[in-house]
Amino acid sequence: METTARTRSSGLTAPAAPVRSLTSAVHASLRADILTCRLPPGEKLPIALLAKRFDVSLSAVREALSRLVADGFVISEDQRGFRVTPLDIRDLEDLTRTRIEIETLALRRSMAEGGAEWEANLREAWDALRQVPYALARQPAPHDGSWADLHFAFHAALVGGCGLNWLMRFQRTLFEQSERYRALARSAPSGDERDAHSEHLALFEAAMDRDEETAVSALASHYGRTLGLVRAGVAAPKAP
């Protein structure tokens, strides 16, 4: 059965093109809710209730949830159904280190090889991001979707001159996996202390100056700040 339903946002939190099937529409909507923590970590996802919410068949919901399992955003438990993948500080630490390694490589390549088009794309992405106050990222939808999409576009533009498609795919995957942690960091009381504008400005200026060491240091500090905020706002998992 076909539909032209769209989800609530674009870019990071939803596909740019119209959703073609009911399964894809359910997948995109649930994915957006998980990325922004509207569906919190560990939340149960009863198939029957979701089918009623979206007015679709049980099989459409089951297929959408299976896709989210493949994406890493949902887990399936024998005899217990589906639930949103829990967040774990140890996972974020691993994810943060991996992002720094991957994006450092991509950023160095971009500054070494990126031409006028890379600079123009980066400037355009920065101009768009800086016009949206970071405070809007802490508000309920629809504001958070807009900021999240511009934030993703800026970080993608930073490394967009690397010339390696697989590296860019890894960058996007890691960015998306980090999005729920950023949502928690923004909701934590200590999140008010963050000057995200200055962090992004430092990245932009260093990249445009082709100052590799300053840019790489700013990138690591930026991601380390997110890690610190999540640590402050979320209790570390207990040892088994």
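Tutor: Start with a rule: a charge sits over a ring if NZ of Lys or CZ of Arg is within 6 Å of the ring centre and within 35 degrees of the ring normal. Keep in mind that this is a predicted model.

Student: Which residue lies over the face of Tyr-223?
Tutor: For an Arg, the rule looks at CZ. Here the distance from the ring centre is 3.9 Å. The residue over Tyr-223 is Arg-99.

Student: Is Trp-126 buried or exposed?
Tutor: Buried means under 20% relative accessible area. Trp-126 has 5% relative accessibility, so Trp-126 counts as buried.

Student: How are the planes of Trp-126 and Phe-204 arranged?
Tutor: Planes under 30 degrees apart count as stacked. The two rings are 5.7 Å apart, centre to centre, with 20° between the planes. Trp-126 and Phe-204 are therefore stacked.

Student: How many residues apart in sequence are the parts that this pair ties together?
Tutor: Trp-126 lies in helix H5 and Phe-204 in helix H8. The pair therefore links parts whose separation in sequence is 78 residues.

Student: Which charged end sits over the ring of Trp-166?
Tutor: Trp-166 is exposed, at 55% relative accessibility. The charged end is 4.4 Å from the ring centre. The end belongs to Arg-169.

Student: Are H1 and H2 roughly parallel or roughly perpendicular?
Tutor: H1 and H2 pack at an angle of about 110°, with their axes 12 Å apart. Angles of 65 to 115 degrees count as roughly perpendicular. The two helices are therefore roughly perpendicular.

Note on methods
Residues numbered from 1 in each chain as written. Predicted model: local features only at pLDDT ≥ 70, side-chain atom pairs only at ≥ 80, totals over all residues. Heavy atoms only, no water. Axes fitted to C-alpha atoms, helices over the stretch in contact; angles between N-to-C directions. Helix = DSSP H or I, 4+ residues; strand = E, 2+ residues; numbered from the N terminus. Parallel < 35°, antiparallel > 145°, perpendicular 65-115°, else oblique. Phe/Tyr/Trp six-rings, centres within 6.5 Å; stacked < 30°, edge-to-face > 60°. Buried < 20%, exposed > 50% of the residue type's maximum accessible area, 1.4 Å probe, protein only.
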